[in-house]
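I open these notebook entries with the structure itself. My notes on selected residues and on one helix pair follow below.

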Amino acid sequence: MDPLNGPAQAPALTTEGAGLAERPDSVQAEAELETEADGRLQRATAALPVVWQAPFRRLGRDLMAAVGRGRWRLEIAVVDDLRHRAQLAGALQQVWPAALQLSAGPGQVDWLALEHDLAEAAHQAPLLQLTGLETWLDPLERAPTEARLHAANLRRDAFAQTVPVPVVVWLRNAQLRDWVALAPDLWSWRSGVHRFADLAAPAEPALAITPMPFNARRAGDNRSAEQRRARIAELTRHLTATELQPASAPRVALIDELADLYASIGEWDAALQWRRGAQADLLKALDDPREQAINLGKIADVLRDRSELDEALRILREDVMPAFEKLGDQRSRAVTMGKIANVLQDRGELDEALRIRREVQLPVYEKLGDPRERAVTMSRIADVLQDRGELDEALRIQREDVLPAFEKLGDQRERAVTMGKIADVLQDRGELDEALRIQREDVLPAFEKLGDQRERAVTMGKIADVLHDRGELDEALRIRREDELPVYEKLGDRRELLVGSAKLALTLLLRASGPDHAEAARLLRSADAEAQRLRLPEALLIERLYASAFGRPITDELPTDGTT
């Protein structure tokens with residue numbers, strides 16, 4: 001009971017639709033519901049102002065993984081203007097009509113009362129939105145605010161158990177600062193922070209273009225190298241013309257997209273120039289330590305791509321990790337430890353990479369209740385074991401742990417990737433027939449159905465690898481020439497193109513004819529020149545292959561008739 005206001009009042013609940021959505025028993029039914037929600041998310045996103053679309057889409061995607069699955073998840077949404085909050089919360093309600101909105105107020109005298117009301121509401125809805133904290137956590141009333149947040153911090157584990165649905169907490173920036181300072185343990189369990197800019201803030205000028213968040217390694221992006229270069233030119237023109245404009249989140253998103261595009265076509269110097277220069281300056285001006293850490297992590301990714309492993313490792317250990325630790329961001333710290341493990345694996349430090357996966361990353365994702373990231377981490381543990389030659393255990397993990405997890409999640413892409421990894425291990429064990437069957441009957445049809453040109457080409461390359469090992473050289477050559485290399489050339493994937501060309505040359509050398517040797521020499525010279533230009537470690541392997549095949553360094557001239 002509230003001694004100042006009498007008996008506790010019922011929490012203010014706003015509903016659209018009634019009751020808890022049925023939780024389907026079958027994966028197919030879950031997938032159908034998720035597809036419907038995805039369509040509503042796309043429509044709701046498109047109806048919002050452009051500046052809100054990217055964070056709203058990310059929020060929706062995060063919730064898609066948890067709504068209807070009986071799992072707690074804490075999403076923080078930050079917006080200062082209450083009118084904007086109402087608009088955004090209403091958009092979220094359109095995506096999940098059965099969600100409930102609960103407004104904190106005088107009826108919840110302390111955190112326990114608020115948690116109780118949230119737990120009651122969780123029995124009625126698959127998703128909760130919590131509003132009203134701009135007054136309930138009043139920065140001008142320090143004592144009750146501190147007491148409530150200290151209690152929330154102590155109740156972190158209980159909160160996650162008693163409210164088994166995702167909760168979107170709407171905060172102003174002032175409340176966000178208090179939450180981070182006074183409830184660091186609860187803050188560390190958040191799944192995401194989604195900031196929505198004030199529409200009254202200075203905007204990009206009239207020639208602004210819409211940010212198109214893009215990950216250079218995003219699965220299913222079939223844009224050609226020509227299309228990517230056209231987008232690069234468009235972004236560069238805009239950013240150059242508006243370089244004197246104030247720092248803003250949309251401008252950060254545009255530079256992020258530009259740098260990722262450069263990296264996707266192997267222009268790593270340009271990617272680094274934008275990230276270390278304009279992007280770093282913008283994020284410093286915006287005083288956003290989390291985004292600064294993310295940008296540094298992406299710089300380390302580019303350095304790893306071009307095999308500058310020592311510097312990539314230094315940045316991750318000395319810059320990125322301390323930043324996320326200071327922020328109390330447990331999930332991002334685990335992601336960064338995974339990147340450190342990737343670099344260590346590249347350097348051949350397999351024992352330490354395996355230790356990080358098992359002892360640092362995996363416990364975090366298990367504690368957070370994130371089955372997807374747990375499955376990804378288990379798959380990478382299997383990758384390390386495969387590199388160490390522990391093929392039976394690697395195969396067991398992929399078959400018994402990783403594959404069932406992605407099948408339960410209904411993730412067809414990751415299921416196909418896992419089947420491809422199973423085939424890789426079988427190939428390493430010499431079980432070529434079964435490896436070939438899986439690639440042809442399981443992996444290839446999945447990527448064709450998904451319309452993913454790059455992954456289809458990668459799979460065709462793996463089929464060619466198996467055929468090469470079985471001695472079926474003519475068919476392996478045909479696949480390389482017709483199904484694999486043309487796709488990499490179209491997409492501008494230079495690394496895969498040079499690796500595929502070197503494999504094509506190796507198969508030609510095994511056929512042991514004069515014309516084949518001449519073509520193999522030409523392919524190896526071209527691949528080596530590209531690897532040297534991109535500063536890739538594959539250059540050394542190509543040069544060794546050439547010297548072994550032709551008995552001379554790759555720098556020597558071949559006879560014009562192609563003989564050796």
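**Entry 1: Gln279**

I note that the model is a predicted one, in which local features need pLDDT of at least 70, side-chain atom pairs count only at pLDDT 80 or more, and totals for chains, interfaces and linings use all residues. Residues are numbered from 1 along each chain as its sequence is written, and side-chain values use heavy atoms, with hydrogens and water left out.

Is Gln279 buried or exposed? Gln279 counts as buried because its relative accessibility is 2%; buried means under 20% relative accessible area, exposed over 50%, and partly exposed in between (1.4 Å probe, protein chains only). Leaving aside neighbours within four places in sequence, I list Val252, Ile255, Asp256, Trp274 and Asn295 as the contacts of Gln279, where contact means heavy atoms within 4.5 Å. From Gln279 to Gln292 I read 8.7 Å, C-alpha to C-alpha, across 13 residues of sequence.

**Entry 2: Arg275**

Which side chain is joined to that of Arg275 by a polar contact? The partner is Asp260, at 3.0 Å. A polar contact is a pair of N or O atoms within 3.5 Å; within protein, one must be able to donate a hydrogen and the other to accept it, and residues adjacent in sequence count only if both atoms are side-chain atoms. With neighbours within four places in sequence left aside, Arg275 touches Asp260 and others, including Asp256, Asn295 and Lys298.

**Entry 3: H12 and H13**

I next examined how H12 packs with helix H13 (residues 289-305): the angle is about 170 degrees and the axes are 10 Å apart. Axes are lines fitted to C-alpha atoms, for helices over the stretch in contact, and angles run from 0 to 180 degrees between N-to-C directions. H12 is therefore roughly antiparallel to H13 (a term for angles over 145 degrees). Among the residues making this contact are Arg275 and Gln279 of H12, and Gln292 and Asn295 of H13. I sorted the contact residues into eight nonpolar, three polar and six charged; Ala, Val, Leu, Ile, Met, Phe, Trp, Tyr, Cys and Pro count as nonpolar, Asp, Glu, Lys and Arg as charged, and the others, Gly among them, as polar.

**Entry 4: two loop residues**

Ser307 sits in the loop between H13 and helix H14 (309-327). I recorded a positive phi of about 70 degrees for Ser307, although it is not a glycine. Ser307 counts as partly exposed, at 28% relative accessibility.

Arg535 belongs to the loop between helix H24 (514-534) and helix H25 (538-550). Its phi is positive as well, at about 60 degrees, and Arg535 is not a glycine. With a relative accessible area of 41%, Arg535 is partly exposed.

**Entry 5: Leu508**

I found Leu508 in helix H23 (residues 494-511), where it counts as buried at 0% relative accessibility. Leu473 is 35 residues from Leu508 in sequence, with 8.1 Å between their C-alpha atoms.

**Entry 6: the chain**

Of its 564 residues, 49% count as buried.

Key. Helices (H or I, at least four residues) and strands (E, at least two) are DSSP runs, numbered from the N terminus. Angles under 35 degrees count as roughly parallel, over 145 as roughly antiparallel, 65 to 115 as roughly perpendicular and the rest as oblique.
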